[in-house]
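Let's take a friendly walk through this structure, from its sheet out to its loops.

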Amino acid sequence: MKVLIITGSAHKNGTTAYLTEQFIKGAEETGHEIYRFDAAFKDIHPCIACEKCHDGTLGCVFKDDMQELNPHLIEADTIVLVSPIYYYGFSAQLKAAIDRFYANDAVLHGNKKAVMMVTMADTSIKTANGSIESFKGMTDYLEWEIAGTVIGVNCMTLDMLKNTDYPQQAYELGKSL
């Protein structure tokens, strides 16, 4: 199975990076092919809804690092979205990549699984409700099966995360695909 992981954190050694590593470990142990795209370190222009991607001639008008991501997005059997929760939602870096899925909308519907993993400093899961609902709405629209989620509360630091079962949840989720 081809698994595309799109991360949205600018912290290379942070909480979501660690969850991603654990997920990858589990997925690779069961033979899945992994492609990781760290959106925070890529040049991704925000979608401007110009509709050029749907007129049949140009594709997206922006020739940026989405050109690297798009073939993997289309080919993937499973899409994994990983982000810290910043002010009740996905990071802007991840959201920019998600918004640019629009250019591939016609080929993204159906036949994929989706995973969401997030971490946050807050102790209440309701802080992630914006991301959770966005994820559910997107997967419903695209007709993707939700394969699982890891919602890490009270994980402001890597040490705090490591003292929870969230890394094990990520590992098991990767193995379960």
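## Ground rules

Helices and strands here are DSSP runs numbered from the N terminus, with a helix (H or I) needing at least four residues and a strand (E) at least two. This is a predicted model, in which local features need pLDDT of at least 70 and side-chain atom pairs count only at pLDDT 80 or more, while totals for chains, interfaces and linings use all residues. Residues are numbered from 1 along each chain as its sequence is written, and side-chain values use heavy atoms, with hydrogens and water left out.

## The sheet

In what order do the five strands of the open sheet lie? The order is 2-1-3-4-5, and the pairing is parallel; two strands count as paired if DSSP finds at least two bridges between them. Strand 2 (33-38) and strand 5 (145-152) are the edge strands, and each has a single partner strand, so one side of each lacks a neighbour in the sheet. On average, neighbouring strands are turned by 15° against each other, direction ignored. For angles, axes are lines fitted to C-alpha atoms (for helices, over the stretch in contact), and values run from 0 to 180 degrees between N-to-C directions.

Strand 1 (residues 2-7) is joined to strand 2 by six bridges, and the two run parallel. Strand 1 is mostly covered, with five of its six residues buried. Buried means under 20% relative accessible area, exposed means over 50%, and partly exposed lies in between (1.4 Å probe, protein chains only).

Ile151 sits in strand 5 and is buried at a relative accessible area of 14%. Leaving aside neighbours within four places in sequence, the contacts of Ile151 are Met116, Val118, Met120, Ile125, Ala128, Ile132 and Tyr166. Ile151 and Tyr166 are 15 residues apart along the chain, and their C-alpha atoms are separated by 7.7 Å.

## Helix 1 meets helix 7

How do helix 1 (residues 15-29) and helix 7 cross? Their axes come within 6 Å and cross at roughly 35°, and the crossing is right-handed. A crossing is right-handed if the near helix is turned clockwise from the far one by less than a right angle, and left-handed if anticlockwise.

Helix 1 contributes Tyr18, Leu19, Gln22, Phe23, Lys25, Gly26, Ala27 and Glu29, which meet Tyr166, Pro167, Ala170, Tyr171, Leu173, Gly174 and Lys175 in helix 7. By class, this contact has nine nonpolar, three polar and three charged residues. Ala, Val, Leu, Ile, Met, Phe, Trp, Tyr, Cys and Pro count as nonpolar, Asp, Glu, Lys and Arg as charged, and the others, Gly among them, as polar.

Thr16 is also found in helix 1, and this residue is buried with a relative accessible area of 3%. Apart from neighbours within four places in sequence, Thr16 is in contact with Ser9, Val82, Ser83, Pro84 and Thr119.

## Aromatic pairs

A search of the whole structure finds two aromatic pairs. Rings of Phe, Tyr and Trp (its six-membered ring) pair if their centres lie within 6.5 Å; planes under 30 degrees apart count as stacked, over 60 as edge-to-face and the rest as tilted. The Tyr87 and Tyr88 rings have centres 5.5 Å apart and planes at 80°, so this pair is edge-to-face. Tyr87 is exposed at 77% relative accessible area, whereas Tyr88 is partly exposed at 48%.

Phe101 and Trp144 form a tilted pair, 6.5 Å centre to centre with 50° between the planes. Both residues are buried. Phe101 lies in the loop between helix 3 (92-99) and helix 4 (105-108), and Trp144 in the loop between helix 5 and strand 5, so the pair ties together parts 43 residues apart in sequence.

## Two asparagines with positive phi

Most residues other than glycine have a negative phi. Asn111 has a positive phi near 60°; it lies in the loop between helix 4 and strand 4 and is exposed at 78% relative accessible area. Asn154 has a positive phi of about 55°. Asn154 is in the loop between strand 5 and helix 6 (158-162) and is partly exposed at 35%.

Methods:
Contact means heavy atoms within 4.5 Å.
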